[in-house]
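Here is a short report on one protein chain. Please look over the sequence and the model before reading on.

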Amino acid sequence: RTPVVGCLACVTEALELYGEEPEEEEALSDTLGRLVEVMCSVMDASPEAEPELLTAFFGMCHRCLVFRPGILLALPCVPQLFRAACGCVCHQEFTHTRAAITFLCLFLTGTAAAAAHREGAAHCLQASGSELMRQCIRGLAGLSPDNLIEHQIELLRVLGDSAPTAVSGWLAAALADPSLDLGAMPRNGSALAAFSRAIGQQPTSISAFQAVAADFSRMCRGKIRPS
């Protein structure tokens with residue numbers, strides 16, 4: 001897969017150097033769109049089989065959001081890309097999972113350069129925000145390795161900031177799903193109810209949010225008592 005990783009690096013550099021050239025934009029958009037479609041198919045077939053390739057891919061998408069957000073956000077396959085990234089949130093290999101989470105955080109928050117192209121991102125969030133919430137909770141509750149918990153918490157915070165009126169409903173739906181494994185956390189206990197209220201109300205400070213989410217993860221993992 002090394003040649004493919006090298007190809008992604010070349011496209012990343014081309015996007016940064018030539019993305020603003022009108023005569024090059026169509027070719028870059030077409031190339032990027034084809035790469036996204038192929039990589040989404042790879043992730044559907046073998047979600048974690050090519051961690052180096054996934055790291056390079058999400059790195060390319062992240063750099064595109066930084067330097068040429070209009071090219072990426074205008075692609076017809078953006079919803080497919082967003083869903084594929086959501087599907088990587090609970091992967092086990094650290095580097096490519098962190099790359100996917102970092103991409104999602106920037107996709108949700110946007111940049112000043114992306115302001116004119118946010119409609120596509122908003123549609124993705126509306127369609128798949130509930131699934132992203134579910135993946136975040138799955139990761140915090142026990143599926144993600146310990147070294148990814150801080151990244152999971154940041155993604156959950158950014159998700160809440162991006163859709164403050166929807167986050168409570170998404171969280172309630174996730175926690176009501178009996179197939180969602182919450183580990184040692186009692187489903188009908190006061191601790192889970194307190195977590196749900198706190199996340200739904202979005203704590204006023206980042207540190208407060210991080211503390212609430214980290215305690216939830218530790219409770220689910222049996223590291224502290226829910227009481």
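## Contacts and basis

Contact means heavy atoms within 4.5 Å. In the protein chain, 71% of the contacts with a separation of 6 or more are between residues 24 or more positions apart.

This is a predicted model: local features need pLDDT of at least 70, side-chain atom pairs count only at pLDDT 80 or more, and totals for chains, interfaces and linings use all residues. Residues are numbered from 1 along each chain as its sequence is written, and side-chain values use heavy atoms, with hydrogens and water left out.

## Fold and dimensions

The protein chain has 11 helices and zero strands (DSSP runs: H or I of at least four residues for helices, E of at least two for strands). The C-alpha trace spans about 60 × 35 × 25 Å along its principal axes.

## Core

Of the 227 residues, 46% count as buried (under 20% relative accessible area, 1.4 Å probe, protein chains only). The largest nonpolar core holds 78 residues. Such a core is a set of buried Ala, Val, Leu, Ile, Met, Phe, Trp, Tyr and Cys residues joined through side-chain atoms within 4.5 Å.

F57, F58, F103 and L132 have the most contacts inside this core. Neighbours within four places in sequence aside, F58 touches M43, L81, A85, C88, H96, A99, A100 and F103.

Terms used. Buried means under 20% relative accessible area, exposed over 50%, partly exposed in between (1.4 Å probe, protein chains only).
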